[in-house]
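Thanks for asking me to look this one over.

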Amino acid sequence: MRLRDIPITAWIGIFGIALALFCALFAPFIAPYGETEVVGAVWQEADAQFFFGLDNLGRDILSRLIYGTRTTLTVALCATVISFSLGIILSFIAAVSGGLIDAIFSRFNDLMMSIPTLIFALVVLAVLPQHLIVLILVMAILDSTRVYRLGRAVALDVAVMEFVEAAKLRGEGTAWIIFREILPNTLSPLLAEFGLRFAFAILFLSTLSFLGLGIQPPAADWGGMVKDNKDGIIFGVAAALVPGSAIAALAICVNLVVDWLLKRTSSLKGGRGDA
Amino acid sequence: MPDTSSSLLSIRNLKIEATSYPPGEPPKRITIVDGVSLDLQKGKVLGLIGESGAGKSTIGLSALAYGRGGAEITGGEVNLNGTNILALGKDGIRKLRGAKVCYVAQSAAAAFNPAHKLGDQVIEASVKHGLMSKDEARKRALYLFKVLGLPNPETFGDRYPHQVSGGQLQRAMTAMALCSNPELIVFDEPTTALDVTTQIDVLAAIKHAIEETHTAALYITHDLAVVAQISDDIMVLRHGKMVEYGSVKHIIETPSEDYTRALVNVRQEMRHEAPDQSKALLKVDNVSAQYSNGFKVLHNVSLHLCKGQTLAIVGESGSGKSTLARVITGLLPPSEGQITFEGKPLTPTLKKRSRDELRRIQLIYQMADTAMNPRQTVRDIIGRPLTFYYGLRGAAKTARVKELLDQIEMSNGFIDRYPAELSGGQKQRVAIARALAAKPELILCDEPTSALDPLVAEGILKLLMKLQEEQQLSYVFITHDIAIVRAIADSVAVMHRGKLVRFGAKSQALSPPFDDYTDLLLKSVPEMEIGWLEKVLTTRRMESAGN
């Protein structure tokens, strides 16, 4: 693959993600002020000194946005990756094994899905200790139910194909069949779902933070910043829109990259035309 | 060449092109049909014959001024009754299609709308075009159902497509085409998807209906023996160009081109029957099998195969021949009976078989397309059994893969290609190499050539025979094609509805006295002889009602 084959939209996406990563890694060096430092008046207007203005406590929004990248990106990315790994592995095992295992996994999945996600998360997070890892795992497990449904549906299609039967006849184990025979042929829909789920994870984290169960103040995260500054909108202060736009921009960037990967995997030589 | 002055359809210098978009390269113009001319008189049938990709369907559709899937008609004329239909506007073409020219597709099952009754679909075009009233169209449909020998013609139109068999559906489609009294019908491989015993009924029905209604027809097929029964003239096509054009008699008896001769002479005997058939490698003893819902698919089948020989299993779809292969591989464990391999009983279920047991029996599928992972290269496909059974890696594996490519007569350049970059015949060769890589003693071939063009299929059969000579391989060859059985088998098993009706050495199994089913099967195989259809029909009871 050559660099100039990458379309411009993908470059925009890559640039956006790289910028977010850069902010997350070097936050203390590039942020003009501290994360929790009060530097001026409440909801002070943007000027040359404070690029996005100040928030409801007089903290610099730009600095908090940069620090917030760390938590938002880590939590959303980790949660999505874990939920995908979990969902794909369980759903593929169910699709390949069939019978009792499939029935148990699928009914348990239905059980999980029958409880509204947000309420489930609220109850679990209220009971468990407040910790970033707990938060990530709860988000991942709740999200993996959706991945499971999709994964099982696409894997069932592929699992009945003759090349999978040929692998079984050769005596291959379940791991080979899942990772070498089925996974490469189901990547396209799964990647598309990944882009979507990542955006949802950011939004879900924002919702949790908004309700006070996600990232705890005074640590900054984008969803929490929207919550903190939402009252400003009534007074015509745009502070809440800045982190909101950042969430939108990151979600769009991730999807631009995913779209490009999707096109690549489905137009790969030897791809199934319909995938 | 036929007289051109009074022709119904006359195609002049037809040129059809399409644009292809190969990945990573600029788009390319490809010529699908190049400078083809033909003439068809009223009430006559012209057969278009060729391999897949020869452009025969594309020419057929051009008679409806239609280009499928991006194909554009870029040159030439298609004259119907003296009017060039390519010059007609949208409205003109609409008045033509379904009224003056009709189309019969290969897969009637896919062409009918499953949500509507057959009768309504058959008369739809005629009524829409305002050619007749609903009642008149119904009467015409009833008449056509009778002509086509459909069972219960009065109530046939009230059925839905899934309620009738494949052969009946194909005839219903012919009725649909004939309903509007068209001047020309394009038949696109109407019998290719059918069993031989059904095919003969459909052929007879189509022929009778054409004679009865005096319609002209273009009959597209890849089977020369079929087209010889139904056509007046034949045009042989290859790579979008005309190879030979003449009367049926001329093409069958005195073909002048090499390619035509190859088509006529395809599938001569390649292997003489082995004299000694006593030492069994594989022995199937009184085996029955059923699905988990209790439906019995095999009834007490007993047969055997000797080392280095070929056992052909013949039968139509649903006869249980593929099921037998699944039972031998262990995918479907037998409910009764035992299978012995080299004197030892074979473990019934796949999961309990040892790796060595699995290695010794390999399977080749009918559709090489779906039998190979589209995301793996030829190197991975052939190399995996080498790693899996023999632990070969790196250079040793590559060397062995190359050796195997050599054995299947493909060059080393194919090693990094994906299946999508191979032709049908090459894919099947790679599938054979994958089976060979395991160094098996028995290869189960499940219709490995039935999806291929005749000349390509012949190449695959020759390859299989060569490998058998070299490596003392034994084959169980599942097919519905009696000609292949004659060409390659040592022993023959005939199956019908899950039962073994005949088993023995080839010479004995394929010579009289026959049981009823084998007799029917053998007589239904089209032969390259003019007038064969009439001859068979007069000697055979018309049992079309059942199909």
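1. Strand β9 (residues 233–238) of chain B is joined to β10(B) by six bridges, and the two run antiparallel. Within that pairing, B:R238 has B:K241 of β10(B) as its bridge partner. Helices (H or I, at least four residues) and strands (E, at least two) are DSSP runs, numbered from the N terminus; two strands pair if DSSP finds at least two bridges between them.

2. Please keep in mind that this is a predicted model: local features need pLDDT of at least 70, side-chain atom pairs count only at pLDDT 80 or more, and totals for chains, interfaces and linings use all residues. Residues are numbered from 1 along each chain as its sequence is written, while chains are lettered from A and ligands numbered from 1 in the order in which they are written.

3. Back to the sheet that holds these strands. In chain B, six strands form an open sheet in the order β6-β7-β8-β3-β9-β10, with mixed pairing. Its edge strands are β6 (101–104) and β10 (241–247) of chain B, each of which pairs on one side only. On average, neighbouring strands of this sheet are turned by 15° against each other, direction ignored.

4. Helix α7 (residues 166–179) of chain B lies across β6 and β7 (184–188) of chain B and runs at about 175° to β6(B). Axes here are lines fitted to C-alpha atoms, for helices over the stretch in contact, and angles run from 0 to 180 degrees between N-to-C directions.

5. How do α5(B) and α7(B) meet? The axes of α5 (residues 134–147) of chain B and α7(B) come within 10 Å and cross at roughly 135°, so the two helices are oblique to each other. Angles under 35 degrees count as roughly parallel, over 145 as roughly antiparallel, 65 to 115 as roughly perpendicular and the rest as oblique. Residues in this contact (C-beta atoms, placed from the backbone, within 7 Å) include B:L144 and B:F145 of α5(B) and B:L178 of α7(B). By class, the contact has seven nonpolar, no polar and one charged. Ala, Val, Leu, Ile, Met, Phe, Trp, Tyr, Cys and Pro count as nonpolar, Asp, Glu, Lys and Arg as charged, and the others, Gly among them, as polar.

6. Chain B has another open sheet, in which four strands pair antiparallel in the order β2-β1-β4-β5. Because β2 (28–40) and β5 (83–84) of chain B stand at the edges with a single partner strand each, one side of each is left without a neighbour in the sheet. Strand β1 (residues 9–20) of chain B is joined to β2(B) by 10 bridges and the two run antiparallel; B:L14 has B:V36 of β2(B) as its bridge partner.

7. Chain A has 10 helices and zero strands. The axes of α5 (residues 117–127) and α6 (residues 132–159) of chain A come within 11 Å and cross at roughly 150°, so α5(A) and α6(A) are roughly antiparallel to each other. Among the residues making this contact are A:F120 and A:V124 of α5(A) and A:L135 and A:L142 of α6(A). The residues of this contact divide into seven nonpolar, one polar and no charged.

8. Finally, the contact between the chains takes 20 residues from chain B and 16 residues from chain A. On the side of chain B that touches chain A, α13 (355–360), α14 (368–371) and α15 (378–390) of chain B each give two or more residues. That side has 14 nonpolar, three polar and three charged residues.

Conventions. Contact = placed C-beta atoms within 7 Å.
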